[in-house]
Amino acid sequence: MSSLDAGFYFIEDENVPMHVGSVLVFDGPVPSYGDVIRLFVSRLDQVPRYRQKVKALPFHVGRPVWVDDDHFNILYHVRHTAVPSPGGEDQLRNLAGRIFAQKLDDTKPLWEAWLVEGLEGGRWAIISKVHHCMIDGVSGTDMLQLMLDFRQESVLPEPKEWKPQRQPSTLDLVVDGVRDAVVTPVQHLAALPALARNLRSFNEILDFGKSVLGSLPGTARRLVTRAATSLNGPIGPHRRWVWARASLGEIKQIRKAAGGTVNDVILTAITRGFRDLLEKRGELTDGMVVRTMVPVSMRKPDQHNELNNRVSAVLVNLPVGEADPVKRLASIRAQMDDLKNSRQAAGADVITNLSNFAAPTLMALGSRTAMRFPQQILQTVTTNVPGPRIPLYMLGRPLVEMFPYVPIASTIRITVGIFSYLDRFTFGINADFDGVPDVQLLADGIRAGFDEMVALAAEASEAGEQA
């Protein structure tokens, strides 16, 4: 495992399952369980990791390693269930929330898929869970596409015979782990001169340093701005999971009137959601922000089929204390422009990769300690994963919608995942069951955020036509 992947593995406990997930909704007719099993088996050759489990070393003297599961059984990982027919959105969300709250069995390959029948309108769904240590949002979308087709006609290749590789002994792994703990930091140090040679010039180094250092005052201001710390708190074992929707047409209309990127508009709508949540709780004050971590993919175009994490992050203040939606958008747009110009995402990636220098035992201790230590810097995570703009099919049935699930951890009780598919955006909002009983206010507020910005854009367009 890489250091980042191992970090996701180490921080998991009974109250913090560290898997990402999704709910895919399809139009009928519902396929048979056997057909779904055959589909997964036919594609498993393309994802060897899905037949592998994690083997941790004693005292974490080395990073966890992936080994073939001698007792791999597809029937364990692909399951079959139903909601009482006709099941509506509430029934599907509640079922998914219970499934997402359950920790994956770390003695087996770290993934599950559930075929769900009984949805109203003859629809059905696939609920998917994959541990974060083997997949991030962008590569996760790639893996979903292995199960989905771009054409309605589905041809399943004959599955190849699979034989598990012999597992290395614990002694061999310990020896390799000790060697890795000693050699890897030396290799990274030795690579620094080569990295320096690969930089184009001294001016490039200087420009990078200036951009990062020049952004520090803005970063400091963002970190000291008073945040809604009431959103932080301990996490229990159960989850509430709800969703919201928006359309690409709405976002384009807003951008045409007020400017900004698609992501700027989305973050502004999410800001309205948190504003409504805090206002209903009687905790909203002028100038208050909700500080969010926004993951940024560092994956290159030729790395989309690798099962690992290549992700960095930036911090953004959502101006929930600002009543004017236009000013909220302007604030977020200014922050994102500053972050892009300062290359802070690249800088964060460098800092993350410095964990390659840490011995695995210290990395395990450090990851767990960092995620359990009470902190008030971050209140949420918002991650946007772009999906395909063309129709997809599973066993000849069209994919209608897809909703994301992003785990919560440490004292962060709420996360917001965003998927795009065709001309629609869906928001999967994950929250601690006990700490956020009012999470539906956030989902409704996100939708209200788009509605108010669309109304303002329409007024601006009408005023321009009259002028």
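**Figure 1. Surroundings of Arg239.** Apart from its neighbours within four places in sequence, Arg239 is in contact (heavy atoms within 4.5 Å) with Asn15, Val16, Pro17, Gly97, Ala101, Tyr405, Ile408, Asn430, Ala431, Asp432 and Phe433. The structure is a predicted model, in which local features need pLDDT of at least 70, side-chain atom pairs count only at pLDDT 80 or more, and totals for chains, interfaces and linings use all residues. Residues are numbered from 1 along each chain as its sequence is written, and side-chain values use heavy atoms, with hydrogens and water left out. Arg239 belongs to strand E7, residues 239–247; strands (E, at least two residues) and helices (H or I, at least four) are DSSP runs numbered from the N terminus. With a relative accessible area of 6%, Arg239 is buried, a term for values under 20%, whereas exposed means over 50% and partly exposed in between (1.4 Å probe, protein chains only). A polar atom of the Arg239 side chain lies 2.6 Å from the backbone oxygen of Asn15. The backbone oxygen of Gly236 is 2.8 Å from a polar atom of that side chain.

**Figure 2. The pair Phe100 and Tyr405.** Rings of Phe, Tyr and Trp (its six-membered ring) pair if their centres lie within 6.5 Å; planes under 30 degrees apart count as stacked, over 60 as edge-to-face and the rest as tilted. By this rule there are 10 aromatic pairs. In one of them, the ring centres of Phe100 and Tyr405 are 4.2 Å apart and the planes are at 20°, so the pair is stacked. Because Phe100 lies in helix H4 (residues 89–101) and Tyr405 in strand E12, the pair ties together parts 305 residues apart in sequence. Both Phe100 and Tyr405 are buried. Together with Trp241, Trp243 and Phe403, these two residues form one aromatic cluster.

**Figure 3. Charges over rings.** Arg93 lies over the face of Trp243, 4.9 Å from the ring centre. Lys108 is placed over the face of Tyr76, at 4.9 Å from the ring centre. A charge sits over a ring if NZ of Lys or CZ of Arg is within 6 Å of the ring centre and within 35 degrees of the ring normal.

**Figure 4. The largest nonpolar core.** This core has 45 residues, and those with the most contacts inside it are Phe26, Phe40, Tyr50, Ile74, Trp111, Met394 and Leu399. Among the elements that each supply at least two of its residues are helix H1 (3–10) and strand E12 (397–405). A nonpolar core is a set of buried Ala, Val, Leu, Ile, Met, Phe, Trp, Tyr and Cys residues joined through side-chain atoms within 4.5 Å.

Key
A polar contact is a pair of N or O atoms within 3.5 Å; within protein, one must be able to donate a hydrogen and the other to accept it, and residues adjacent in sequence count only if both atoms are side-chain atoms.
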